[in-house]
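This report covers the aromatic contacts and the pockets of one protein model. The sequence and structure come first.

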Amino acid sequence: MLPSDEYYIQRLIDEGEHVHQDFKFAISDARKIAKSISAFSNTGGGRLLVGVKDNGKIAGVRSEEEIYMIEAAAKMYCIPEVSISNKIYRVQGKDVLEVTIEESENKPVCAVDVNNKAWAYVRINDENILADTVCLNMWKHNKQEEKVVVTYSEREKHLLNILDKYGELTLNRCSKLSNIPRITTSRLLADFIRFNLVEQIFREHTFYFRLKEDISL
């Protein structure tokens with residue numbers, strides 16, 4: 001029977017990388033790890049297993065400096081600052097660091113790049129993806145805690161009909177086909193998603209939007 005630490009970590013590794021879990025062989029750049037923290041914070045939370053290769057093999061944490069870099073990423077390179085928790089497990093004679101990142105109540109959490117620009121990320125499957133303007137609009141509305149009412153004006157109906165006619169569309173195509181300014185289209189799509197009328201899909205490095213299957217116009 002495996003020791004409790006080893007059993008626990010092996011069970012997590014068996015899950016593979018997914019929307020709430022990422023393997024890190026090593027931590028060498030606090031700004032890069034801030035992207036992962038941003039993505040998990042904005043997408044339901046998650047964990048990093050540091051000292052684990054992409055194929056699930058145990059490599060072990062090389063030094064305490066990696067822990068310091070993760071803490072620096074959360075405190076210095078994330079806006080707002082993110083609270084994380086660390087725990088070290090002894091597995092196969094090596095240390096594996098589990099970093100737990102809770103979902104933020106103050107989205108978006110942004111990661112600061114080398115040019116001191118802040119970017120928000122989301123976690124899709126096993127990737128950290130730069131958030132699009134529709135995501136940013138959803139977070140903005142949630143922050144304002146405003147009560148949005150679906151009015152179905154001619155403009156809203158027109159955009160929904162465009163989606164119904166063409167199926168999956170990018171933000172730019174939605175804007176062009178509907179003849180609605182891009183910034184307005186982004187806000188409308190964010191509202192549609194919040195009210196479960198439209199869903200957002202990420203495929204081939206692009207965000208698409210489509211009507212929910214159970215929606216009939």
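## Aromatic contacts and pockets

In this predicted model, the count of aromatic pairs comes to two. In one of them, Tyr8 and Tyr89 have ring centres 5.1 Å apart and planes at 35°, an angle between the 30 and 60 degree limits, so the pair is tilted. Tyr8 belongs to helix H1 (residues 4–15) and Tyr89 to strand E4 (residues 84–91), so this pair ties together parts that are 81 residues apart in sequence. Tyr8 has 22% relative accessibility and counts as partly exposed, whereas Tyr89, at 8%, is buried; the cut-off for buried is under 20%.

A ring also takes part in a contact with a charge: the charged end of Arg203 sits over the ring of Tyr208, 4.5 Å from its centre.

The largest pocket is lined by 18 residues, and Asn42, Val122, Cys135, Met138 and Trp139 lie nearest its centre. Strand E7 (118–124), helix H4 (133–144) and strand E9 (198–203) are the elements that each give two or more residues to this lining. The largest share, five residues, comes from H4.

Which helix gives the most to the lining of the second largest pocket? Helix H2 (residues 30–42) does, with three residues. The lining of this pocket includes Lys24, Asp29, Lys32, Lys35, Tyr121 and Asn128.

Methods: Residues are numbered from 1 along each chain as its sequence is written. This is a predicted model: local features need pLDDT of at least 70, side-chain atom pairs count only at pLDDT 80 or more; totals for chains, interfaces and linings use all residues. Side-chain values use heavy atoms; hydrogens and water are left out. On a 1 Å grid over the protein atoms alone, a cavity is a set of points where a 1.4 Å probe fits but cannot get out, and a pocket is an open set with protein on both sides within 12 Å along at least five of seven lines; lining residues have an atom within 4 Å of a point. Helices (H or I, at least four residues) and strands (E, at least two) are DSSP runs, numbered from the N terminus. Rings of Phe, Tyr and Trp (its six-membered ring) pair if their centres lie within 6.5 Å; planes under 30 degrees apart count as stacked, over 60 as edge-to-face and the rest as tilted. Buried means under 20% relative accessible area, exposed over 50%, partly exposed in between (1.4 Å probe, protein chains only). A charge sits over a ring if NZ of Lys or CZ of Arg is within 6 Å of the ring centre and within 35 degrees of the ring normal.
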